[in-house]
Amino acid sequence: MMKEVYNWQIGRRMKYPYEGKRPKRQFAAVFDTNKCIACQTCSVACKTTWTSGRGQEYMYWNNVETKPYGGYPQAWDFRVLEMLPAGGWKDGVYTGKTIFEKAEEQKKKAEGYLPALEEWSYPNIGEDEIYGTVEQGMHIEGLPHPVWFFYLARICNHCTYPGCLASCPRQAIYKRPEDGVVLIDQARCNGYKECIAGCPYKKPMFNATTGRSEKCVACYPKMEQGIQTQCIEQCIGKIRIQGWISPPEKAEEDNPIDYLVHIRKLALPLYPQFGTEPNVYYIPPIHVPAPFLRQMFGPGVEEAVRTYRESVPDDPVLKGLLVMFGSSPEIISRFRVKADVAYGYNGKGKLVARVPTTEPAVVRKHYDSRLDVYRIDIT
Amino acid sequence: MNRDTTHLADGPGMKERVNRVLTPSSGRRLWPGLVTVILTLAIFAGTAPSHGEEGIRVRYTSGALTLDPDDPVWDGVRAYPVRLTVLEAAGPVRGTSVPRESMIHLPEETEFIFNLFEGTPEPRVKALHNGRMMAIMVTYEDGTVDTENSPDSFRDSLALLFPLSLSPHASSPLMGAKGEPVNIWQWRADWQAEVQGLRGLDVRQPLTEGVGLSPVDMVLKARYPGRPSSDATAVEYVAEGFGTLTRQTGQDVRAWGRYGDGRWSVVFLREMASDDPSDARFRPGGKTYLNIAVWDGGRGNVDGRKSISLTWIPVTIDPIPRRGE
């Protein structure tokens with residue numbers, strides 16, 4: 001029988017098979033889609049760490065797909081969106097049905113589907129394919145762009161109300177009370193694949209050599225040492241930051257994730273309407289038309305884009321926090337910005353990152369009279 | 001999350017639930033033409049068997065028992081038919097063959113959905129013992145040989161279920177109940193195919209060769225092997241209700257299946273005596289019960305989607321004849 005839980009991302013209570021009990025602290029991350037170049041360093045870092053075994057060949061616990069046409073597995077998001085009745089947002093409250101509410105009609109736990117093997121087999125399909133057509137002589141000015149694509153890096157969202165956990169008939173999936181990481185207990189898993197069907201983000205994956213399902217573990221052995229996950233630490237574009245998210249009413253100004261998600265509302269959940277309260281948050285791509293973004297990130301997206309475009313350049317705190325992404329292997333629990341320098345502190349209060357908002361620049365003369373050469377690179 | 005297992009058979013209000021489900025008023029709420037019957041576990045607990053008075057007789061043979069379904073030892077052994085019913089599942093995710101419109105009208109308390117209109121295989125059971133070993137052969141129709149268990153396919157499988165204790169009654173035939181465990185033997189067509197070197201999935205999803213395998217993979221496979229042992233084609237469980245299935249530490253059961261003429265014939269073999277407290281006991285001259293579950297992989301059967309015998313089938317084990325008899 002379904003329980004009532006509160007999901008702040010949809011602004012209301014909703015049905016969920018288990019009671020809503022939040023962990024002591026919740027793993028969270030913010031990805032800045034504007035900075036991602038789809039180099040797949042994250043995918044490879046994860047792959048070599050966790051899924052280089054037999055039966056894991058097709059698995060990418062971390063993947064980067066091009067939107068709108070890419071998807072791993074193919075069209076995962078549109079498939080789930082089609083299953084939910086068209087529902088809108090009113091004053092920040094989702095008026096449609098979540099995957100749990102939709103499922104309840106049919107006495108199920110979570111609405112979903114099981115992807116075919118072929119749908120997993122082309123992880124980079126749709127790469128760099130644009131939406132729209134480029135006319136001869138076309139010149140793009142201003143935002144948003146009439147033709148566009150963007151990169152969406154995805155890991156398990158370690159949801160507050162996981163669809164995978166709700167679907168498992170064996171209670172083999174659990175959410176760790178100490179950090180909110182969602183794990184499949186390999187000793188309990190019997191390989192029924194219900195979690196794969198029940199996760200709208202399609203992040204549990206079946207291993208045909210062990211007969212069990214596996215999923216992103218949020219690099220918990222690293223996390224327990226205070227170090228960020230492989231995909232986050234290795235990101236060369238520095239688009240990611242890992243931390244802890246508080247419930248909105250307990251948001252703290254000096255917590256980087258809280259500040260981006262709750263206070264400035266710059267980072268948004270992916271498909272909040274699914275109802276799982278995912279904990280990876282995205283700074284939306286500013287060049288993409290609003291309707292698509294609204295569908296993907298919820299009603300706060302236009303405000304987030306506006307903040308990114310208009311406020312960040314004149315906002316020392318936000319600017320400082322954004323340049324601090326990727327500046328330390330350690331998890332930054334606290335931050336402050338002072339005199340155009342951002343300081344990041346780990347869980348023990350130790351300074352682990354110090355980043356100037358503006359890099360000191362020295363401009364040299366174009367012509368060096370001493371060597372009698374012209375410099376191409378003068379900064 | 002509460003990691004305690006959930007026991008569907010227990011809990012306050014079970015009687016009320018049953019009553020509510022079966023009262024005419026709630027029946028009227030159902031969509032006309034509804035092809036499901038809604039039942040809860042409590043109905044079955046301790047019910048009398050309905051597979052005939054005698055049930056299955058385990059005949060004595062002085063010869064050796066093997067895993068070979070074609071072993072002549074089976075010639076002339078009487079086969080007992082068993083009726084199965086389609087269980088559409090408890091808490092399914094991917095949906096059932098029941099129309100959505102009908103599902104909407106099911107009462108909220110519904111825990112099991114049986115489909116009486118869906119066809120099932122009709123297994124026939126033969127059983128033998130030689131005083132030391134007991135062999136049970138189940139033969140049933142299956143139109144497709146499904147030996148692949150992949151990200152999007154399911155395998156054929158067959159399970160036998162025995163109560164651990166007969167007093168005061170033989171637990172629930174639907175995978176036992178809290179405090180009343182059952183012993184389950186499951187044969188899997190995918191494991192047998194792997195043991196036979198017939199891993200069909202290689203065509204669709206080739207495995208990497210030797211290089212570049214990380215230690216993680218070795219740790220994973222060592223700690224959580226797919227099969228209980230490298231030659232295992234069956235697994236032994238203990239369960240106290242749906243969702244509680246637990247692999248036994250000691251695996252004593254062996255099984256082998258053969259497919260031919262549109263039928264699987266699967267032989268289970270185990271020593272009658274056992275020191276394992278979660279193993280079913282068998283003794284010559286004794287009695288027990290069994291239950292059968294069949295999964296047809298081609299129909300997406302897995303987990304609670306299967307065909308099962310709803311009530312315990314009595315099993316009578318012949319005594320060992322005295323010398324001269």
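Guide: A residue is called buried if 20 or more other C-beta atoms lie within 10 Å of its own, exposed if 12 or fewer, and partly exposed in between, with C-beta atoms placed from the backbone. Strands (E, at least two residues) and helices (H or I, at least four) are DSSP runs, numbered from the N terminus. The model is a predicted one, in which local features need pLDDT of at least 70 and side-chain atom pairs count only at pLDDT 80 or more, while totals for chains, interfaces and linings use all residues. Residues are numbered from 1 along each chain as its sequence is written, and chains are lettered from A and ligands numbered from 1 in the order in which they are written.

Strand 14 of chain A has pairing partners of two kinds, where pairing requires that DSSP finds at least two bridges between two strands. With strand 3 (residues 26–32) of chain A the pairing is parallel and runs over four bridges, and in it A:Val30 stands opposite A:Tyr281. With strand 13 (residues 268–269) of chain A the pairing is antiparallel and has two bridges, and here A:Tyr281 is the bridge partner of A:Pro269.

The domain assignment of chain A gives domain 1 as 3–283 and domain 2 as 334–379, with bounds that come from an automatic or database domain assignment. The centres of the two domains, taken over C-alpha atoms, are separated by 35 Å. Four residues of domain 1 of chain A are in contact with five residues of domain 2 of chain A, contact being counted where two C-beta atoms, placed from the backbone, lie within 7 Å. On the side of domain 1 that touches domain 2, the residues divide into one nonpolar, two polar and one charged; Ala, Val, Leu, Ile, Met, Phe, Trp, Tyr, Cys and Pro count as nonpolar, Asp, Glu, Lys and Arg as charged, and the others, Gly among them, as polar.

Further along chain A, three strands make an open sheet in the order 15-16-17, with antiparallel pairing. Its edge strands, each pairing on one side only, are strand 15 (334–338) and strand 17 (351–356) of chain A. Neighbouring strands in this sheet are turned by 15° against each other on average, direction ignored. Strand 16 (residues 341–345) of chain A is joined to strand 17 by five bridges, and A:Tyr343 stands opposite A:Arg354 in strand 17 of chain A. Helix 12 (residues 316–323) of chain A lies across strand 15, strand 16 and strand 17, and runs at about 125° to strand 15; the axes are lines fitted to C-alpha atoms, for helices over the stretch in contact, and angles run from 0 to 180 degrees between N-to-C directions.

Strand 4 of chain A is joined to strand 7 by five antiparallel bridges, with A:Asn63 as the bridge partner of A:Arg154. The buried residues in helix 1 (residues 41–50) of chain A include A:Cys42, A:Cys46 and A:Trp50.

Some loops of chain A carry backbone details. The peptide bond from A:Leu143 to A:Pro144 is cis, with omega near -10°, and A:Pro144 lies in the loop between helix 4 (117–120) and strand 7 of chain A. A:Lys202, which is not a glycine, has a positive phi of about 55°; this residue is buried, with 27 other C-beta atoms within 10 Å.

For chain A as a whole, buried residues make up 51% of the 379 residues, and the secondary structure comes to twelve helices and 19 strands.
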